[in-house]
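Student: I have a structure to look at and I am new to it. Could you walk me through some of its parts, one at a time?

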Amino acid sequence: MVSINLSAQADYKLWLQYAKVQNTKWTTEYQSKIKGIFALGNSETIQAATKELQLGLSGLLDTKITVQQNIEDENILILGSKSSLNEETLKNLKNELNQINDEGYIIKTISIKNRKKMIIAGKTDIGVLYGVYNFLRLLQTNKSIENLKIVDAPKINIRILNHWDNLNGTVERGYAGSSLWNWQKLPDFIDQRYIDYARANASIGINGTVLNNVNANALILTPQYLEKVEALAKVFRPYGIKVYLTARFSAPIEIGKLKTADPYDANVKNWWKEKAKEIYKRIPDFGGFLVKANSEGQPGPQNYNRNHVDGANMLADAVAPFGGIVMWRAFVYSEHDVNDRAKQAYSEFVPYDGQFRNNVIVQVKNGAIDFQPREPFHPIFGAMPKTPLMMEFQITQEYLGFSTHLVYLPKLYQEVLESDTFSKGKGSTVAKVIDGSLNNHKITGIAGVANIGSDINWTGHPFAQANWYGFGRLAWDPYLDSETIAEDWLRMTFSNDENFVNPVKEMMLQSREAVVNYMTPLGLHHIMDTGHHYGPGPWVSNLSRPEWNPIYYHKADKNGIGFDRSKTGSNATAQYAPEIAKLFDDVKTCPEKDLLWFHHLPWDYKLKNGQPLWNGIALKYQEGVDEVASMQTTWNRMGNYVDETRFKEVQMLLNIQHKEAKWWRDACLLYFQQFSGKELPKGVEKPTQTLEYFESLKFPFAPGNN
Ligand code: GCW
């Protein structure tokens, strides 16, 4: 049967569906309270806010909401910021205005001349825009708007996406098509997508974007490309989104005709100063640079016997006159260091604490290895109190099943943010480090490696949209609960029906543990096939650098399995505060979820549930597979609540996920069984293929690995 497919559009709309409110109780309330909009001011941002409000309300209320001329009317929704509100209103909002920063907003029901109205206000127009999106969220999630008094402001300043997009249109670790940026058609062709990208980001409070890959190409800094970057900056500006670029450290040589990129060289310093000037002339609100230096083959100050501080400070000096910042990445590990890879970033960076310029922020991945399904928090977060540190999460699922597996990542983010570093005693959580409250920092930031591409649904998997959404919400408020975020997202994206929201929310919340279980249970890590990281590859052992081989990480042998990072091993535990170090060090207190991250244990080591380790591992793999099966069961019952296209898409993807979860289980267990020499315990399904078969699988064209 041929059917007309309108729901491709639903996919594209993300969480900004603005579908008609189904419950008449709410429709009645909303309609009675919103009779029109009155916008104060005429900036592009206020225009964007007004337009969004009209679009949203017309959809939600299924009626045209007009922009009024008369502020006197009752039940008018007033938009305005400090510069446009009249004195009486400002007085009314004085307390609230004192509680927010420049990006915050207030939504309040007030009376003017005895007439009730709702006002969405901010100190700035951007605050108003954020208020509008949050007001719409109330309606989208069926919340009451009776006597509102919401005062809200972001807790982190730089809430930014990192696009690993290459100038040739490919996306490193991208699984949702090609890059959004059409460099060839820019600057003259402005794709509607750029605007919708900005809307989506603004709706969750994201206020920055790094357009290009950290494995950088210097050409982005040439006039030919800067003209295109300028065009994008212009599109994003009304939505409060600043543009940033990655700076290839050797750019002075590659595009500047200099002989060196030594940060001590006067010509080099000057080249960067002039480059900054040139960029700011085009883009006065340019955010600054993100730099990957001396990491995985990227050039950096160490090529000239200088260090990270020298490199970062040179760039910082170049952008400082214009208010720019430098985000310097701490993702480093050396091919010459035979020591535990997990220790290297800390060893390299911690000695520099306090030496960076005050417009430098060091960007640290959530864990010490690399975006694994589970890692203990990065020890740097507890060890550089004099340096602003920003978080780098990965939204794209490089190690978590690409865009095929449903994995709700805010669960992972929350786990990291809540981790206690103990750096200033109990309660020194990672969230408090990155929001600046623990160590009193002014610049604060959080970055997410984007999962966005040219696919109609932006992220490849309909549920991967929730990871973009959730990242934004947590960037705004790192103390939010991932469950609340999942619920909001489901209601906004699909349906407010409780029979849908509750089970599907459970499914999302369970999905992160499921992937840990079927890929890397009990603290195992980095046993994905190498290069592309698709599927299991615990047997890989032939790559030139030791730490590129999975066998380096699991260390399975006939005596047992796991990486000894305790005192008796690499002593990586010593990089944590004593309270935490002690906990991880002792196999009895080490959380079982991190067991094999920190300890090498015999196959018959007894787990807390009484099972020997081998059985425990096998049962976890099985549990992961079973969890995916139960996600399938849940989803299969949801056909009535979701449009057919999205329903089927998710169904097919879950089928693949189940197949791949079994692949992971069977391949890993067959491989580890060679060492354990033990039977699979009862309850674990027997593999239907041989280890040789799994080892023979090759994926030369797996996506994201260009
Ligand atoms: O996770 C690894 C990826 C690389 C990436 C690198 C990094 C951009 O496999 O593709 O390079 O991390 O974060 O720099």
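Student: Where is the place of Pro-187?

Tutor: Pro-187 sits in the loop between strand 6 (158-162) and helix 7 (192-203), where helices (H or I, at least four residues) and strands (E, at least two) are DSSP runs, numbered from the N terminus. Before going on, note that this is a predicted model, in which local features need pLDDT of at least 70 and side-chain atom pairs count only at pLDDT 80 or more, while totals for chains, interfaces and linings use all residues. Residues are numbered from 1 along each chain as its sequence is written, and side-chain values use heavy atoms, with hydrogens and water left out.

Student: OK, and what is the peptide bond from Leu-186 to Pro-187, cis or trans?

Tutor: The bond from Leu-186 to Pro-187 is cis, with omega near 5°. As background, most peptide bonds are trans, and most residues other than glycine have a negative phi.

Student: Which residue other than glycine has a positive phi, then?

Tutor: Phe-422 is one of them, with phi near 60°, and Phe-422 belongs to the loop between helix 13 (410-418) and helix 14 (430-434). Asn-440 also has a positive phi, of about 60°, although it is not a glycine, and Asn-440 is placed in the loop between helix 14 and strand 13 (445-449).

Student: Is Asn-440 buried or exposed?

Tutor: Asn-440 is exposed, with a relative accessible area of 68%; here buried means under 20% relative accessible area, exposed over 50%, and partly exposed in between (1.4 Å probe, protein chains only).

Student: Switching to helix 10, which of its residues are buried?

Tutor: In helix 10 the buried residues are Val-268, Trp-271, Trp-272, Lys-275, Ala-276, Ile-279 and Tyr-280. Seen down the axis of helix 10, these buried residues fall within an arc of 160°, so they line one face of the helix; the arc is that of the directions from the helix axis to the C-beta atoms. On the other side of helix 10, Ala-266, Asn-267 and Lys-281 are exposed.

Student: What do the buried residues of helix 10 pack against?

Tutor: They pack against helix 8 (223-236), helix 9 (251-254), strand 9 (288-291) and helix 11 (308-319), with contact meaning heavy atoms within 4.5 Å.

Student: What caps the N-terminal end of helix 11?

Tutor: Asn-307 does, with a side-chain oxygen 2.9 Å from the backbone nitrogen of Val-309. For helix 10 the N-terminal cap is Asp-265, where a side-chain oxygen lies 2.8 Å from the backbone nitrogen of Asn-267.

Student: Now the ligand. Which residues come nearest?

Tutor: Of the 15 residues around the ligand, Glu-172, Lys-292, Lys-365, Asp-370 and Glu-398 come nearest; a residue is near a molecule or strand if one of its heavy atoms lies within 4 Å of it. A polar side-chain atom of Asp-370 is 2.5 Å from an oxygen atom of the ligand, and for Lys-292 the distance from a polar side-chain atom to a ligand oxygen is 2.6 Å.

Student: How much of the ligand's accessible area does the protein cover?

Tutor: The protein covers 97% of the 340 Å² of accessible area that the ligand has on its own. Accessible areas come from the Shrake-Rupley method with a 1.4 Å probe, and for residues only the protein chains shown count as cover.

Student: What does the side chain of Gln-394 make a polar contact with?

Tutor: The partner is the side chain of Glu-398, at 2.9 Å. Gln-394 lies in strand 12 (residues 389-394) and is buried, with a relative accessible area of 5%.

Terms used:
A polar contact is a pair of N or O atoms within 3.5 Å; within protein, one must be able to donate a hydrogen and the other to accept it, and residues adjacent in sequence count only if both atoms are side-chain atoms.
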